[in-house]
Amino acid sequence: MGEEEPELDGRRIAAEARDRVRFEEEALALADQVYRVARRLVGTREEAEDLVQDTYGRAFRSWRSYTPGTNLRAWLLRILTNLNLDRGRKVQRTPDMQPIEEGDYYLANKMADSQGEQVLDQERVVEKLSQDSIVTALAALPHDFRDTVVLVDIGEFSYADAAEILDIPIGTVMSRLHRGRRLLKQTLAEEAIS
Amino acid sequence: MSHGPCDACEELLQGYLDRELTDGEVLQAESHLDGCDYCRRRYRFEASLRQYVQTTAVERMPVGLMEKLTQLRSADG
């Protein structure tokens with residue numbers, strides 16, 4: 001019996017090494033998607049690069065805590081959003097109490113008001129908004145709103161995945177998303193009609 | 001101008017675009033959109049805005065980052 005153990009150990013080590021390699025390859029295959037989200041969560045390309053590197057460093061060290069078959073991209077983003085919080089991003093309380101008067105149709109209504117209802121039928125009407133203005137408006141959102149909007153609208157995560165990643169209730173995801181998108185449209189409307 | 005039933009539609013629109021509504025809510029939103037030009041225009045606008053934001057805000061990973069990440073894998077292995 002004592003003689004079998006080294007062989008068993010050897011097999012276990014080999015199996016673990018294979019699992020690890022597989023994990024690393026799967027994680028690396030998602031790097032571009034992880035970066036896209038990271039880039040919109042922070043202000044600069046350099047910060048995004050650092051954040052993604054730290055995320056992968058931590059992920060590779062704690063790969064055993066990932067459950068195979070679950071959503072790896074969400075698992076990586078959870079590490080990333082936590083690191084982003086830890087990196088002393090300025091504590092900024094979400095203005096949850098501050099009412100956002102404008103509705104979801106605000107931007108569309110503004111454009112229709114200034115150019116007539118039919119303008120909305122034009123296929124490329126949204127392209128009146130410059131790419132810069134969209135990036136700037138996203139960056140200007142309060143952190144909590146931005147995290148949620150970026151995860152759902154850029155990362156294409158479900159409400160449930162976003163809730164899991166940010167460790168907040170799904171109802172909070174919905175309200176932050178709602179308010180974040182409204183704020184975004186208010187900012188865009190200023191440009192669209194000016 | 002009052003939009004009675006449109007207020008309910010506006011309420012459902014974001015969830016509809018996110019495909020996060022219940023079957024009942026989807027029916028409610030779609031039956032309203034079928035009969036309402038005002039909301040249908042806004043639905044199309046919101047859908048293209050969503051897509052535009054997504055494509056506009058996407059920035060590809062910088063060249064060289066993948067290599068740095070790949071180097072991390074053997075760091076303690």
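This is a predicted model: local features need pLDDT of at least 70, side-chain atom pairs count only at pLDDT 80 or more; totals for chains, interfaces and linings use all residues.
## The enclosed cavity

The volume of the largest cavity is about 110 Å³. Its lining draws on both chains: A:Asp153, A:Arg181, A:Leu184, A:Lys185 and A:Leu188 come from one side, and B:Gln14, B:Glu46, B:Leu49, B:Arg50 and B:Val53 from the other. Two elements each give two or more residues to this lining, namely helix H9 (170-192) of chain A and helix H3 (37-57) of chain B.

## The largest pocket

Now for the open space. The largest pocket holds about 510 Å³, and 20 residues line it. Nearest its centre are A:Glu156, B:Leu17, B:Asp18, B:Arg19 and B:Arg50. B:Arg50 is also listed in the lining of the largest cavity.

The elements giving two or more residues to the pocket lining are H7 of chain A, plus helix H1 (4-17) and H3 of chain B. The largest share, 5 residues, belongs to H3(B). By type, the pocket lining has 9 nonpolar, 7 charged and 4 polar residues.

## Where the chains meet

Next, the contact between the chains. Chain A puts 51 residues into it, and chain B puts in 37. Together they bury about 4,200 Å², with 57% of that area on carbon and sulfur atoms. Three residues, A:Leu28, A:Tyr105 and A:Val126, account for 17% of the area chain A buries against chain B, more than any other three residues.

Between chain A and chain B the count is 13 salt bridges, one of which pairs the side chains of B:Arg60 and A:Asp32 at 3.3 Å, N to O. Polar contacts between the two chains come to 21 residue pairs, with both residues at pLDDT 80 or more.

## Chain A's side of the contact

Which elements of chain A give two or more residues to the side that touches chain B? They are helix H1 (5-29), helix H2 (31-41), helix H3 (45-61), helix H5 (106-115), helix H6 (131-139), helix H7 (143-154) and H9. H3(A) provides the largest share, 8 residues. Sorted by type, this side of chain A has 24 nonpolar, 18 charged and 9 polar residues.

Technical notes: Residues are numbered from 1 along each chain as its sequence is written. Chains are lettered from A and ligands numbered from 1 in the order in which they are written. Side-chain values use heavy atoms; hydrogens and water are left out. On a 1 Å grid over the protein atoms alone, a cavity is a set of points where a 1.4 Å probe fits but cannot get out, and a pocket is an open set with protein on both sides within 12 Å along at least five of seven lines; lining residues have an atom within 4 Å of a point. Grid points are joined across faces, edges and corners, and a volume is the space filled by probe spheres set on the points. Helices (H or I, at least four residues) and strands (E, at least two) are DSSP runs, numbered from the N terminus. Contact means heavy atoms within 4.5 Å. Buried area is the accessible area (1.4 Å probe) that two parts lose on being put together, summed over both. A salt bridge is a side-chain nitrogen of Lys or Arg within 4 Å of a carboxyl oxygen of Asp or Glu. A polar contact is a pair of N or O atoms within 3.5 Å; within protein, one must be able to donate a hydrogen and the other to accept it, and residues adjacent in sequence count only if both atoms are side-chain atoms. Ala, Val, Leu, Ile, Met, Phe, Trp, Tyr, Cys and Pro count as nonpolar, Asp, Glu, Lys and Arg as charged, and the others, Gly among them, as polar.
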